[in-house]
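Please read them with the coordinates open beside you.

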Amino acid sequence: MSELTYYVALPFVPSDHGIAPGEATECFSANAAVMRAEALSRKPGHVGAVAFSRSGDPAVGEFGDAKLIRKFGDAPDNLGAL
């Protein structure tokens, strides 16, 4: 099977322990993920957002680590914890 790349915009919201991820949005391209993340970072109740990609083979369920494309506002630099 071939490897696929997913592009995602992920907002962050305030939590009792700092910030927490909100609801992720899958996007068609890296540019679309960046534009969506930027818009999400300005949405009331959100403190920031990131655009990232993740590649892998969905047939076997193996995916590589998330790669940060761009960060907006208060969001983690390291996506490994997500």
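This is a predicted model: local features need pLDDT of at least 70, side-chain atom pairs count only at pLDDT 80 or more; totals for chains, interfaces and linings use all residues.

1. On overall dimensions, a compact globule of 82 residues would have a radius of gyration near 12 Å, and the 13 Å computed for the protein chain agrees with that. Taken along the principal axes, the C-alpha atoms occupy a box of roughly 40 × 25 × 20 Å.

2. As for burial and surface, 28% of the 82 residues in the protein chain are buried. The accessible surface amounts to about 5,200 Å², with 51% of it belonging to carbon and sulfur atoms.

3. Within α1 the buried residues are Ala33, Val34, Ala37, Leu40 and Ser41. Seen down the helix axis, the buried residues of α1 fall within an arc of 130 degrees, so they line one face of the helix. The face turned away from that buried side carries Asn31 and Met35, which are exposed.

4. Against which strands do the buried residues of α1 pack? Their partners are β1 (4-15), β3 (25-27), β4 (48-57) and β6 (67-73).

5. Ser41 lies in helix α1 and, because its relative accessibility is 16%, under the 20% cut-off, it counts as buried. The side chain of Ser41 reaches the backbone oxygen of Glu38 at 2.7 Å. Not counting residues up to four places away in sequence, Ser41 touches His46, Gly48, Ala49 and Phe72.

6. His46 sits in the loop between α1 and β4 and is buried, with a relative accessible area of 18%. Its side chain reaches the backbone oxygen of Leu40 at 2.8 Å, and Leu40 is itself one of the buried residues of α1. With residues up to four places away in sequence not counted, His46 touches Pro11, Phe12, Val13, Leu40 and Ser41.

7. Val47 is also placed in the loop between α1 and β4, but with a relative accessible area of 29% Val47 is partly exposed. Val47 and Val13 are 34 residues apart in sequence, while their C-alpha atoms are 5.5 Å apart in space. Apart from residues up to four places away in sequence, Val47 touches Phe12, Val13, Pro14, Ile19, Gly73 and Asp74.

8. From Phe28 to Thr5, which is 23 residues away in sequence, the C-alpha to C-alpha distance is 9.7 Å.

9. Ile69 belongs to strand β6 and counts as partly exposed at 34% relative accessibility. Once neighbours within four places in sequence are left aside, Ile69 is in contact with Tyr7, Ala30, Val34, Ala51, Phe52 and Ser53; of these, Val34 is among the buried residues of α1. The C-alpha atoms of Ile69 and Thr25, which are 44 residues apart along the chain, are separated by 14 Å.

10. Lys71 is likewise found in strand β6, and at 32% relative accessibility Lys71 counts as partly exposed. The side chain of Lys71 reaches the backbone oxygen of Ala75 at 2.9 Å. With neighbours within four places in sequence left aside, Lys71 is in contact with Ala49, Val50, Pro76 and Asp77. Lys71 and Pro11 are 60 residues apart in sequence and 9.9 Å apart in space, C-alpha to C-alpha.

Notes:
Residues are numbered from 1 along each chain as its sequence is written. Side-chain values use heavy atoms; hydrogens and water are left out. Buried means under 20% relative accessible area, exposed over 50%, partly exposed in between (1.4 Å probe, protein chains only). Helices (H or I, at least four residues) and strands (E, at least two) are DSSP runs, numbered from the N terminus. The arc is that of the directions from the helix axis to the C-beta atoms. Contact means heavy atoms within 4.5 Å. The radius of gyration is taken over C-alpha atoms; the globule rule is 2.2 Å times the number of residues to the power 0.38. Accessible areas come from the Shrake-Rupley method with a 1.4 Å probe; for residues, only the protein chains shown count as cover. A polar contact is a pair of N or O atoms within 3.5 Å; within protein, one must be able to donate a hydrogen and the other to accept it, and residues adjacent in sequence count only if both atoms are side-chain atoms.
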